[in-house]
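These are my notebook entries on one structure. I set out what I looked up and in what order.

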Amino acid sequence: MSKIKKVNSYWELGCHVADIVEHTLTLPEPKLILPTGSTPIGLYNELVNRQLDWSNVTTFNLDEYIINPNHPQSYHSFMKKHLFDRIDIYPNNCNFPDRNTQAYEDIIPEIDLCILGIGSNGHIAFNEPGSSFDSVTRVVDLDKQTIEDNSRFFDSIDDVHKQAITMGLKTIMKSKKIVLIANGVHKYKILNVAMNGGVTEKVPASILQEHNNVEVYYCD
Ligand code: F6R
């Protein structure tokens, strides 16, 4: 059986994963890892619509550019716009990596649910091809493919940030449950390679095959 669950629409993708988040939010003090990017926007809209209680939730974002957090293109700004400013989460409970990478690694607790997107080169967070499966939070140079893919969010490719801070693959793999989401036919090939091909550092997302509680949702 394929490890990839195909759903009928982008809306359904958001609803399925929102069900998982909603269930996690029934825990006493839920701890979540969250992504940015275009894929989770529908999920975040669905979560906002559900008017859930986020007052006891703590979140840890996967990554951030080396950038002023108040910059409109920062992932801080993205999260505020799409989720945090629209729910009743305490701003102090929303954590992002910064240059003090070891301090971030040290405060990440046991995570109940980690939500991931996948890059067209197989990256998860900003763990680009070739990243060690033992990697932890660190500063990384973005892959050429990632810079090209992310240029759609900027006025020109020259404006795309070339460095970022990312959680490592080892950090992500410690999560109790992981949900990977992918939207669009252009993601299917790499998703299939990651979930059904060999486990290799050339395809960072392939490490997820070694986790015992992963769900993968895809829509085309
Ligand atoms: C962003 C992140 C990235 C994205 C990936 C897919 O926080 O961790 O790994 O999940 O680049 O991005 P989209 O969803 O824009 O295709």
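**Entry 1: aromatic rings**

I found that Tyr65, Tyr75, Phe126 and Phe154 form one aromatic cluster. The model is predicted: local features need pLDDT of at least 70, side-chain atom pairs count only at pLDDT 80 or more, and totals for chains, interfaces and linings use all residues. Residues are numbered from 1 along each chain as its sequence is written, and side-chain values use heavy atoms, with hydrogens and water left out.

I applied this rule: rings of Phe, Tyr and Trp (its six-membered ring) pair if their centres lie within 6.5 Å; planes under 30 degrees apart count as stacked, over 60 as edge-to-face and the rest as tilted. Tyr65 and Phe126 are a tilted pair, because their ring centres are 5.9 Å apart and their planes stand at 35 degrees. Tyr65 is in strand S4 (residues 63-65) and Phe126 is in the loop between S6 and strand S7 (138-141), 61 residues apart. Helices (H or I, at least four residues) and strands (E, at least two) are DSSP runs, numbered from the N terminus.

I then looked up accessibility (buried means under 20% relative accessible area, exposed over 50%, partly exposed in between; 1.4 Å probe, protein chains only). Tyr65 is buried at 2%, and Phe126 is buried at 3%. The rings of Tyr65 and Phe154 have centres 6.1 Å apart and planes at 75 degrees, so I recorded this pair as edge-to-face.

**Entry 2: strand S9**

I noted that five of the six residues of strand S9 (residues 178-183) are buried. S9 pairs with strand S10 (residues 214-219) in the parallel sense over six bridges (pairing requires at least two DSSP bridges between the strands).
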